[in-house]
Amino acid sequence: MAHHHPPMDLLIEYTTGALPVAQSACVAAHLSYCQQCRQLVERLEDVGGAHLERLDPQPVGQSVLELVMARLDDPEPLRYAPNEASDTQLPGLLDRLINGDYADLVWKRVTQSLSISYLKTGDPNHEFALYRIAEGGRIPEHTHSGSEMTLVLRGGFADESGEYHPGDFLVREGWDKHTPVALEGEECICLAVLDAPLRFTRLRHRWLNPLLKLRAG
Amino acid sequence: MANKKDASTARGASSNGRWNVPTGRRTDEWSEALVLIGESQDRGAFTRFFRHFAPLIKAFALSGSSLSASHADELVQEVMLKVWQKAGGFNPEKAAASTWVYTIARNCRTDMFRRLQKFDTPLASDDFELESEQEESFVLLHSRRGAERVRELMSDLPPDQAQILAKVYMEGKSHSEAAAELDLPLGTVKSRVRLAIQKLQGLMEA
């Protein structure tokens with residue numbers, strides 16, 4: 001069960017469809033782990049239903065009804081079928097983006113214990129990537145100039161403010177420095193959504209910063 | 001329209017001849033219509049449903065004049081077609097019909113915005129929907145009552161909170177977009193939205 005959840009503001013923006021697609025996908029992935037947040041979102045959706053009922057109805061021509069009636073027998077659009085061979089045990093949405101197993105992804109090695117795989121969401125302003133940290137491995141101290149959402153998918157990590165396990169969701173804003181360390185016993189895989197690149201702060205890692213240019217899209 | 005009943009009276013709901021179904025089912029006519037559409041592809045029920053909801057979906061599409069009239073009609077078509085296709089998955093114990101329609105309309109509008117902006121994503125909004133699952137019955141009762149309470153309580157919100165909530169929900173604006181349009185600090189928008197939700201929610205929990 002998840003112990004770290006998206007803040008209320010973010011769940012409201014998720015519910016109303018206001019989040020950019022990469023952030024929305026990250027929140028949806030948390031929901032697949034967290035019944036508490038799912039129920040909250042359902043109740044937030046009730047507020048949407050109540051608003052819908054109170055709108056001033058706008059006239060819709062008879063021709064629109066006829067067009068819809070004529071299409072009722074159309075075949076339904078194809079739906080994505082879950083990938084049963086996958087070993088990721090991921091929510092279907094991520095499974096679709098990854099389209100296979102973690103091992104099949106292109107992993108870009110950043111440090112000895114950190115590799116990154118960039119996934120395509122089409123979001124022009126956000127990078128959507130998986131971070132893979134070897135067990136006990138450390139991500140060098142870094143800051144963010146923008147916001148970062150993180151969802152733990154496998155294993156876990158600890159940083160200055162706590163310990164995080166699968167399903168846990170974190171948002172960081174601005175310049176707070178942190179140094180995540182993967183827990184012992186299993187490698188850690190996290191989903192991270194960024195709107196500005198990470199910046200390593202220590203001199204001996206700073207040369208890596210150009211490699212971390214934001215890869216949105 | 002809504003035939004309000006709580007679970008204690010729903011048990012005997014068949015006495016009014018409208019329902020002879022198990023305890024706790026929603027008894028409003030639009031949930032009933034959705035069930036008919038889902039279970040027996042009832043075109044009459046679908047037409048009634050269309051006449052009620054299509055004008056609301058069109059109003060939703062035109063909120064904040066974000067879409068043209070012809071795109072609004074296109075959205076109405078897409079949403080109503082999805083209603084027909086997905087009605088079999090509607091669970092009257094879990095959601096109010098209006099809530100269910102709202103989520104479809106929201107998803108279709110998001111996808112339409114992205115299409116109009118030539119925004120190329122492998123993800124359709126429907127991909128974000130989670131598989132429905134068996135929820136505990138007390139949770140169902142809770143959410144069913146919640147939807148009715150929210151409806152009643154909306155009219156008690158102070159105008160400044162009601163205005164922002166409408167902008168956020170019906171126009172699909174983010175907090176920062178709402179702040180810019182209303183010329184208010186972001187923090188003010190966030191706290192008004194949160195307060196409004198807490199009022200609706202607090203009483204939902206009562």
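Select chain B to begin: it has nine helices and zero strands, where helices are DSSP runs of H or I of at least four residues and strands are E runs of at least two, numbered from the N terminus. From the N terminus on, its elements read α-α-α-α-α-α-α-α-α. This is a predicted model, in which local features need pLDDT of at least 70, side-chain atom pairs count only at pLDDT 80 or more, and totals for chains, interfaces and linings use all residues. Residues are numbered from 1 along each chain as its sequence is written, while chains are lettered from A and ligands numbered from 1 in the order in which they are written.

**Colour chain B by confidence**

pLDDT is the predictor's confidence in each residue, from 0 to 100. Chain B averages 81, and 76% of its residues score at least 70. Within chain B the lowest mean, 39, belongs to helix α1 (residues 7-10), and the highest, 97, to α3(B). Now select residues 1-26 of chain B: pLDDT stays under 50 there, and the model has 36 contacts beyond four places in sequence for this stretch. A contact means that the C-beta atoms of two residues, placed from the backbone, lie within 7 Å. Where pLDDT is low, the predicted coordinates should not be read in detail. For the complex, the predictor gives an ipTM of 0.89 and a pTM of 0.87.

**Packing in chain B**

Of the 206 residues of chain B, 40% count as buried. A residue is buried if 20 or more other C-beta atoms lie within 10 Å of its own, exposed if 12 or fewer, and partly exposed in between, with C-beta atoms placed from the backbone. Among chain B contacts between residues at least 6 apart in sequence, 57% join residues at least 24 apart.

**Two loop residues**

Go to B:Gln41, in the loop between α2 (29-40) and α3 of chain B. B:Gln41 has a positive phi of about 45 degrees, although it is not a glycine. With 14 other C-beta atoms within 10 Å, B:Gln41 is partly exposed.

Next select B:Asp183, in the loop between α8 (175-182) and α9 of chain B. Its phi is also positive, at about 55 degrees, and B:Asp183 is not a glycine. Is B:Asp183 buried or exposed? B:Asp183 is exposed, because 6 other C-beta atoms lie within 10 Å.

**The interface**

Show both chains: 54 residues of chain B are in contact with 47 residues of chain A. On the chain B side, the elements giving two or more residues are α3 (43-62), α4 (69-86), α5 (97-116), α6 (137-154), α7 (159-170) and α9 (186-205). The chain B residues that touch chain A divide into 31 nonpolar, 13 polar and 10 charged. Here Ala, Val, Leu, Ile, Met, Phe, Trp, Tyr, Cys and Pro count as nonpolar, Asp, Glu, Lys and Arg as charged, and the others, Gly among them, as polar.

**Over to chain A**

Chain A has six helices and 11 strands. Its C-alpha atoms fill a box of roughly 70 × 35 × 35 Å along the principal axes. Of its 217 residues, 39% are buried.

Select the open sheet of three strands in chain A, with the order β7-β6-β9 and antiparallel pairing. β7 (162-164) and β9 (181-182) of chain A stand at the edges with a single partner strand each, so one side of each has no neighbour in the sheet. Strands pair if DSSP finds at least two bridges between them. β6 (residues 157-159) of chain A and β9(A) pair over two bridges. Finish at A:Phe157, which stands opposite A:Ala182 in β9(A).
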